[in-house]
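Student: I have a protein model to go through and would like to do it piece by piece. Can we look at it together?

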Amino acid sequence: MFAVTTPTIEGHPIQQYVGMVTGETIMGVNMFKDIAAGFRNMIGGRSTAYEGELQQAYQTAINEMCQRAEAMGANAVVGVRVDYFTLGTDNGMLAAVANGTAVRI
């Protein structure tokens, strides 16, 4: 299934707009990754532990959105956007929400 940020897919005209579709995930970052990120924050550089969590949250939200689009009868999603935020009492949870327009091409 195509999932693109653009409003169209070149070479594939949209035949039908099926509707809005979303996918979301909420992931906890474990204590050990938090400690490793804290050390990285003190000495500088990239936090590969958090980057990995972010990439996993992104992919999970996109996959869920595509599954929902397929269940609606779509074969592509256009105008995809992914937003991230933290939540929980100590901001220890990472959420990713993907949304777009399910279409038939």
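Student: Which residue in β4 is the bridge partner of Val77?

Tutor: Ala102 is the partner of Val77 in β4. Strands here are DSSP runs of E with at least two residues, helices are runs of H or I with at least four, and both are numbered from the N terminus. This is a predicted model, where local features need pLDDT of at least 70 and side-chain atom pairs count only at pLDDT 80 or more, while totals for chains, interfaces and linings use all residues. Residues are numbered from 1 along each chain as its sequence is written, and side-chain values use heavy atoms, with hydrogens and water left out.

Student: What else stands opposite Ala102 in β4?

Tutor: Gly19 does.

Student: How many bridges join β3 to β4?

Tutor: Ten, between β3 (residues 76–87) and β4, and the two strands run antiparallel. Tyr84 with its β4 partner Ala96 is one example of a bridge pair. Two strands count as paired if DSSP finds at least two bridges between them.

Student: And how many join β2 to β4?

Tutor: Twelve bridges link β2 (residues 16–28) with β4 (residues 93–104), again in an antiparallel arrangement. Met27 has Leu94 as its bridge partner in β4.

Student: What is the order of the strands in the sheet?

Tutor: The order is β1-β3-β4-β2, in an open sheet of four strands with mixed pairing.

Student: Where is the parallel part, and how many bridges does it have?

Tutor: It lies between β1 and β3, which pair over two bridges.

Student: Different topic. Which residues have the most contacts inside the largest nonpolar core?

Tutor: They are Val21, Ile62, Met65, Ala69, Val77, Val80 and Ala98, in a core of 16 residues. β2, α2 (48–71), β3 and β4 each give two or more residues to this core. Helix α2 provides the largest share, six residues. A nonpolar core is a set of buried Ala, Val, Leu, Ile, Met, Phe, Trp, Tyr and Cys residues joined through side-chain atoms within 4.5 Å. Buried means under 20% relative accessible area, exposed means over 50%, and partly exposed is in between (1.4 Å probe, protein chains only).

Student: Why would they sit together?

Tutor: In soluble globular proteins, nonpolar side chains tend to be buried together.

Student: What does Ala98 touch?

Tutor: Not counting residues up to four places away in sequence, Ala98 touches Val21, Thr22, Gly23, Ala61, Ile62, Met65, Arg81 and Val82. Contact means heavy atoms within 4.5 Å.

Student: Is Ile26 buried or exposed?

Tutor: Ile26 counts as exposed because its relative accessibility is 53%. Ile26 is in strand β2. Beyond its neighbours within four places in sequence, Ile26 is in contact with Leu87, Met93, Leu94 and Ala95. The C-alpha atoms of Ile26 and Ala96 are 6.6 Å apart, although these residues are 70 apart in sequence.

Student: On to charges. How many salt bridges are there in the whole structure?

Tutor: Three. A salt bridge is a side-chain nitrogen of Lys or Arg within 4 Å of a carboxyl oxygen of Asp or Glu. One of them joins the side chains of Glu24 and Arg68 (2.9 Å, N to O). That pair links distant parts of the chain, with Glu24 in strand β2 and Arg68 in helix α2, 44 residues apart.

Student: How exposed is Arg68?

Tutor: Arg68 is partly exposed, at 33% relative accessible area. Glu24 is also partly exposed, at 32%.

Student: What about the salt bridge with Glu64?

Tutor: Glu64 meets Arg68, at 2.6 Å, N to O. Both lie in helix α2, four residues apart, about one turn of the helix.

Student: And which residue pairs with Asp83?

Tutor: Arg81, at 2.9 Å, N to O. Asp83 is partly exposed at 28%, and Arg81 is exposed at 51%. Shared partners join Glu24, Glu64 and Arg68 into one salt-bridge network.
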